[in-house]
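Here is a short walk through one protein chain. Keep the sequence and the 3D view side by side as you read.

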Amino acid sequence: MNHTTEIILTLAGIALVHGLIFFFLTRKSRLIKGKHVVVTGGSSGIGLWAAVECVRLGAHVTVIARNVPLLEKALEELEKWRVRDTQKLQFRSLDLSKSYETVAKTLDELEGDVGPIYMLVNCAGMAICGTVEDTAIADAHRLMDVNYFGTYYPTRHVLPKMKAAGDGIIVITASQAALMGVYGYGAYAASKFALRGLAETIAMEARHRGVTVTLALPADTDTPGFENENRSKPEETKIISGSGGLAKPEDVGRRIVQDALKGSFFSILGLESWILSILCVGMAPWKGPLLCFAQFYLLGPLRLIGLVLQWNFQRIIKGCAKRKAQQSQ
């Protein structure tokens with residue numbers, strides 16, 4: 001084999017490798033232009049900006065939340081991003097945790113007005129912090145009602161319709177707290193862990209019927225809900241969770257929609273979330289050879305990093321306990 005042939009084969013090999021990487025990393029996104037997207041929790045924060053991204057992509061968008069004044073402001077924001085005169089943009093005031101029958105009736109009415117729901121983006125949720133023994137039983141129930149059942153009800157209603165149509169997208173917005181328990185997040189994390197179980201189950205049940213599921217795992221995000229959450233956070237929780245900084249809701253909302261349209265199971269933003277998703281991948285669905293390759297080879301080394309982080313968390317907790325004991329003397 002002469003030198004020229006070796007060079008040609010080497011260049012061809014490099015081109016092939018880069019071509020395969022490009023193919024696997026640039027999955028074709030589905031289009032939502034002219035399709036009906038429903039965003040729960042769409043009056044502010046991540047939900048609002050997910051709705052904005054859907055409007056920007058030409059979808060008919062309905063946002064659902066409870067607070068009418070906030071919904072009216074949200075609709076004004078959505079109108080700024082309209083790309084077609086024929087787009088239908090509207091809101092509906094609804095307590096998603098009230099009852100399945102109420103949610104089903106409302107969604108049926110929306111489909112009668114706008115058309116079948118092609119994409120459901122579940123962003124409704126809330127956080128109440130506190131150690132397990134300091135969290136009121138009523139608050140624990142409320143977190144499960146809003147975070148879990150507020151997602152389960154609309155998802156339960158649209159799922160059989162999407163399966164029958166052979167196409168559809170469901171987004172379930174959880175949190176990094178769906179991947180690991182953190183001091184002061186007991187009841188909240190339980191409701192978010194439940195959402196991960198729901199997402200993985202639906203992904204297994206519905207993939208062969210053309211329905212994809214995306215589990216969004218946002219880190220701390222600068223939203224009105226985060227401001228309320230901080231009011232009940234123990235000192236230990238603030239220190240542990242405060243090191244990652246605050247994401248912008250517009251960045252998170254946009255990423256969630258983009259990941260969902262590509263069919264990604266996890267939607268993450270930032271290095272911290274990426275590391276956690278690798279560490280806690282468990283039995284998550286297959287999403288391409290390159291990602292699985294990274295998970296296989298990085299899981300061991302990242303586990304060591306995770307152990308160091310756990311040690312640091314315990315150090316923080318013990319330090320806070322020591323300060324409290326000194327102050328009480």
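What follows starts at a strand, moves to its neighbours and ends at a surface patch.

The model is predicted. Start with strand β6, residues 211-216. Six of its six residues are buried. In a regular strand, side chains alternate between the two faces of the sheet. In β6, V211, V213 and L215 lie on one side, and T212, T214 and A216 on the other. Both faces are covered.

Now look at the partners of β6. Strand β5, residues 168-173, runs parallel to β6 and is joined to it by six bridges. In the pairing, G168 stands opposite V211. Strand β7, residues 266-267, also pairs with β6 in the parallel sense, over two bridges. Here A216 stands opposite S267.

Next, turn to the record. An unreviewed UniProt entry lists residues 6-25, 264-284 and 296-313 under "transmembrane region". Residues 296-313 are 100% helix and 0% strand, and their end C-alpha atoms lie 26 Å apart.

Finish at the surface. L271, W274, L291 and L298 form a nonpolar patch there, with about 340 Å² of accessible area together. Helices α10 (271-279) and α11 (289-328) each give two or more residues to this patch. L291 belongs to α11. L291 has a relative accessible area of 34%, so it counts as partly exposed.

Conventions:
Residues are numbered from 1 along each chain as its sequence is written. This is a predicted model: local features need pLDDT of at least 70, side-chain atom pairs count only at pLDDT 80 or more; totals for chains, interfaces and linings use all residues. Side-chain values use heavy atoms; hydrogens and water are left out. UniProt positions are given in the numbering used here, feature names are shortened, and annotations may be inferred rather than shown by experiment. Helices (H or I, at least four residues) and strands (E, at least two) are DSSP runs, numbered from the N terminus. Patches are made of residues with over 30% relative accessible area and no salt bridge: like charges are joined within 9 Å, nonpolar side chains (Val, Leu, Ile, Met, Phe, Trp, Tyr) within 5 Å. Accessible areas come from the Shrake-Rupley method with a 1.4 Å probe; for residues, only the protein chains shown count as cover. A salt bridge is a side-chain nitrogen of Lys or Arg within 4 Å of a carboxyl oxygen of Asp or Glu. Buried means under 20% relative accessible area, exposed over 50%, partly exposed in between (1.4 Å probe, protein chains only). Two strands pair if DSSP finds at least two bridges between them.
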